[in-house]
Amino acid sequence: MVKTNVTLCGVALDNPVIPASGTFGFGYEYAELYDINMLGSFSFKGTTRDPRFGNPTPRIAECDSGMINAVGLQNPGVEKVLSEELPKMKAVFHKPVMANVSGFSVEDYVYTVEKLEAEPQIGWFEVNISCPNVHGGGMAFGTSPEAAAAVTAAVRRVTKKPLLIKLSPNVTDIVSIAKACEAAGADGISMINTLLGMRIDLKTKRPVIANKMGGFSGSAIKPVALRMVYQVYEAVKIPIVGMGGITTAEDVIEMMLAGATAVEVGAANLVEPFACKTMIENLPVVMEKYGIADLSSIVGAAH
């Protein structure tokens with residue numbers, strides 16, 4: 001009997017599979033399809049201080065091995081998340097959940113985290129300093145060690161829950177940013193967010209997406225994600241949640257070998273709503289195939 005359970009920043013998970021923020025809403029829509037309590041956890045929709053309509057449409061473009069999105073953090077704002085979304089979520093999901101938080105200033109991040117802090121079901125905060133498709137804030141905080149550390153330190157002061165910082169791959173040196181977050185009080189690192197990409201329509205001769213550029217995700221980015229997780233694992237002592245192009249149970253194991261304690265699954269959910277369910281069901285079979293008795297024992301084993 002193989003063991004799929006892992007522990008992330010002191011919180012126990014039945015398995016390491018976590019749907020990524022922005023691809024799973026607040027869970028209740030997927031709960032109509034299957035029992036989402038089989039998940040390790042999930043990261044709920046990126047929440048900001050104020051409601052956001054998001055970017056103009058069109059804001060999704062397909063690619064050969066993935067997709068580009070420029071949704072722009074569309075969400076109802078933290079007040080409505082607390083009053084409307086989380087009660088619906090609690091009715092269908094009964095494990096600790098990851099609260100994904102975005103902002104356009106340090107004060108925005110602090111305000112939103114303070115508002116959510118008292119929610120008992122929130123097991124971790126995942127602070128997104130890496131969104132590539134919003135103007136002002138977003139990825140700007142994730143592109144310098146100093147800015148990343150400033151957000152981390154400010155949020156650290158207002159929460160006692162485990163704090164994960166979600167990093168951008170659109171940088172020259174992701175290791176220095178991860179180390180700055182660790183030094184400023186982060187309990188873990190989530191990585192990577194989407195790469196910056198675009199498509200051009202041959203008929204109109206204009207960018208497909210109204211925002212011109214957006215976040216490129218999907219199976220094509222997995223080698224980049226693996227490389228970055230591998231590098232950061234060697235540089236920090238805090239756990240990593242790895243993501244980027246994960247579509248199969250084999251991908252989960254590969255990401256864990258690179259150094260991830262748990263994984264997040266993003267674009268695959270939008271292509272196949274049962275993607276995470278299938279991965280979890282296949283994990284024991286793949287573990288037995290490769291002689292793995294305990295998933296937690298393989299974290300960073302490729303080093």
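Which residues have the most contacts inside the largest nonpolar core?

## Basis of the model

This is a predicted model, in which local features need pLDDT of at least 70 and side-chain atom pairs count only at pLDDT 80 or more, while totals for chains, interfaces and linings use all residues. Residues are numbered from 1 along each chain as its sequence is written, and side-chain values use heavy atoms, without hydrogens and water.

## The nonpolar core

Phe42, Phe44, Ile129, Leu167, Ile174, Cys181 and Met191 have the most contacts inside the largest nonpolar core, which has 91 residues. Such a core joins buried (under 20% relative accessible area, 1.4 Å probe, protein chains only) Ala, Val, Leu, Ile, Met, Phe, Trp, Tyr and Cys residues through side-chain atoms within 4.5 Å. Helix H8 (residues 275-289) gives the most to this core, with 7 residues.

## Helices H2 and H3

Helix H2 (residues 106-116) packs with helix H3 (residues 145-156) at an angle of about 30°, and their axes are 9 Å apart. H2 and H3 are therefore roughly parallel to each other (angles under 35 degrees).

From H2, Val106, Tyr109, Val110 and Val113 meet Ala150, Val151, Ala154 and Val155 of H3 (heavy atoms within 4.5 Å). The residues of this contact of H2 with H3 are 8 nonpolar, no polar and no charged.

## Helices H6 and H8

Helix H6 (residues 249-258) and H8 pack at an angle of about 70°, with axes 8 Å apart. They are therefore roughly perpendicular to each other (65 to 115 degrees).

On the H6 side the contact is made by Ala249, Glu250, Val252 and Ile253, and on the H8 side by Met279, Asn282, Leu283, Val286 and Met287. The contact of H6 with H8 has 7 nonpolar, 1 polar and 1 charged residues.

Conventions:
Buried means under 20% relative accessible area, exposed over 50%, partly exposed in between (1.4 Å probe, protein chains only). Helices (H or I, at least four residues) and strands (E, at least two) are DSSP runs, numbered from the N terminus. Axes are lines fitted to C-alpha atoms, for helices over the stretch in contact, and angles run from 0 to 180 degrees between N-to-C directions. Angles under 35 degrees count as roughly parallel, over 145 as roughly antiparallel, 65 to 115 as roughly perpendicular and the rest as oblique. Ala, Val, Leu, Ile, Met, Phe, Trp, Tyr, Cys and Pro count as nonpolar, Asp, Glu, Lys and Arg as charged, and the others, Gly among them, as polar.
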